[in-house]
Each structure stands twice: as C-alpha cells, then as structure tokens.
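Please examine the sequence and the model shown below before reading the report.

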Amino acid sequence: MVQLVVLYLPGEQVPQAGFAAPGLDKAIHVAVFALPAFLAVWRGRSAWWALPFAVHAPVSELVQHAWMPLRTGDPVDVVADLAGVVLGVVAAWRRRIGGSGASGV
C-alpha cells in the first residue's frame, strides 16, 4: 500500500519539505520496491514472486509521466526501483539460506 501511495500520489500532494537531501528520492524508491520484493520472495520461496515488482517499476514511471498531474517519469527512478527489487530478492535468499541452517552462499 505504501508503494502505491509513494508512486501515485498526485504531484500537488507530494511533500517537498524535508526531501531536499541528495539521493533521498532514490533511496525511497529502492526501499518501496525492496521491502515488498523481499516479503514476496521470502514467503513465496521463489524469485519469480519478484517479477510483478520488476514489471511495475517501469510501468509506474510511464503512468506518472503520462497521467499523473505534476509528476514526471524518471528513468533513473526505474533503475532505483529495479535495484530495490534485486536487493529484496538477494536479502530474501540470504535470509532463507541463513534461516535453513545451510552453510551455502
């Protein structure tokens, strides 16, 4: 739910105060994709559960650019979103491997 609010909140409602820190926008993008991807892969037991989030990354930026008032699509946001998906998948794999007692990678 948080991901949808962050991505689709109309531009006039996006808070400006406190978001001027360099890189904060990209960190937020990474986080809102990493957490749901992590949870989906961790609970679903397969990296395929992250695929909808990887597809949603570019789609959300296209939607913002084409239909959201005062929002623009940003290709760098897509990269941050996809980085979040990868981070979530890797974290879920590491958690599952570590949690299963295996001594693998």
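The report describes the overall fold, then a helix and its contacts, then salt bridges and a surface patch.

## Basis of the model

This is a predicted model, in which local features need pLDDT of at least 70 and side-chain atom pairs count only at pLDDT 80 or more, while totals for chains, interfaces and linings use all residues. Residues are numbered from 1 along each chain as its sequence is written, and side-chain values use heavy atoms, with hydrogens and water left out.

## Overall fold

The secondary structure of the protein consists of 4 helices and 0 strands, and along the sequence the pattern reads α-α-α-α. Helices (H or I, at least four residues) and strands (E, at least two) are DSSP runs, numbered from the N terminus.

Of the 105 residues in the protein, 28% are buried. Here buried means under 20% relative accessible area, exposed means over 50%, and partly exposed lies in between (1.4 Å probe, protein chains only). The protein exposes about 6,700 Å², and carbon and sulfur atoms supply 72% of that area. Accessible areas come from the Shrake-Rupley method with a 1.4 Å probe; for residues, only the protein chains shown count as cover.

Among the contacts with a separation of 6 or more, 70% are between residues 24 or more positions apart. A contact means heavy atoms within 4.5 Å.

Helix α2 covers residues 24-44. The 21 residues of α2 should span 30 Å at 1.5 Å a residue, and the end C-alpha atoms are 30 Å apart, which agrees. The expected span is 1.5 Å times one less than the number of residues in the helix. After α2 comes Arg45, whose phi is positive, near 65°.

Which residues of α2 are buried? They are His29, Val32, Phe33, Ala34, Ala37, Phe38, Ala40 and Val41.

Gln3 counts as buried because its relative accessibility is 10%.

A search of the whole structure finds 1 aromatic pair. The ring centres of Phe38 and Trp42 are 5.8 Å apart and the ring planes lie at 15°, so the pair is stacked. Rings of Phe, Tyr and Trp (its six-membered ring) pair if their centres lie within 6.5 Å; planes under 30 degrees apart count as stacked, over 60 as edge-to-face and the rest as tilted. Phe38 and Trp42 both belong to helix α2, 4 residues apart, which is about one turn of the helix. Phe38 is buried, with a relative accessible area of 18%, whereas Trp42 is partly exposed at 28%.

## Salt bridges

Side chains of opposite charge can pair when their charged atoms come close. The structure holds 3 salt bridges, each defined as a side-chain nitrogen of Lys or Arg within 4 Å of a carboxyl oxygen of Asp or Glu.

| Salt bridge | N to O distance |
|---|---|
| Asp25 and Lys26 | 2.8 Å |
| Lys26 and Asp74 | 3.2 Å |
| Lys26 and Asp77 | 2.5 Å |

The bridge of Lys26 with Asp77 links distant parts of the chain, from helix α2 to helix α4, 51 residues apart. Through shared partners, the salt bridges join Asp25, Lys26, Asp74 and Asp77 into one network.

How accessible are the members of this network? Asp77 is buried because its relative accessible area is 6%. Asp25 is partly exposed at 36%, Lys26 is partly exposed at 25%, and Asp74 is partly exposed at 23%.

## A nonpolar surface patch

Trp48, Leu51, Val55 and Val59 form a nonpolar patch on the surface, and together they have about 420 Å² of accessible area. Patches are made of residues with over 30% relative accessible area and no salt bridge: like charges are joined within 9 Å, and nonpolar side chains (Val, Leu, Ile, Met, Phe, Trp, Tyr) within 5 Å. Val55 lies in helix α3 (residues 51-67) and counts as partly exposed, at 47% relative accessibility.
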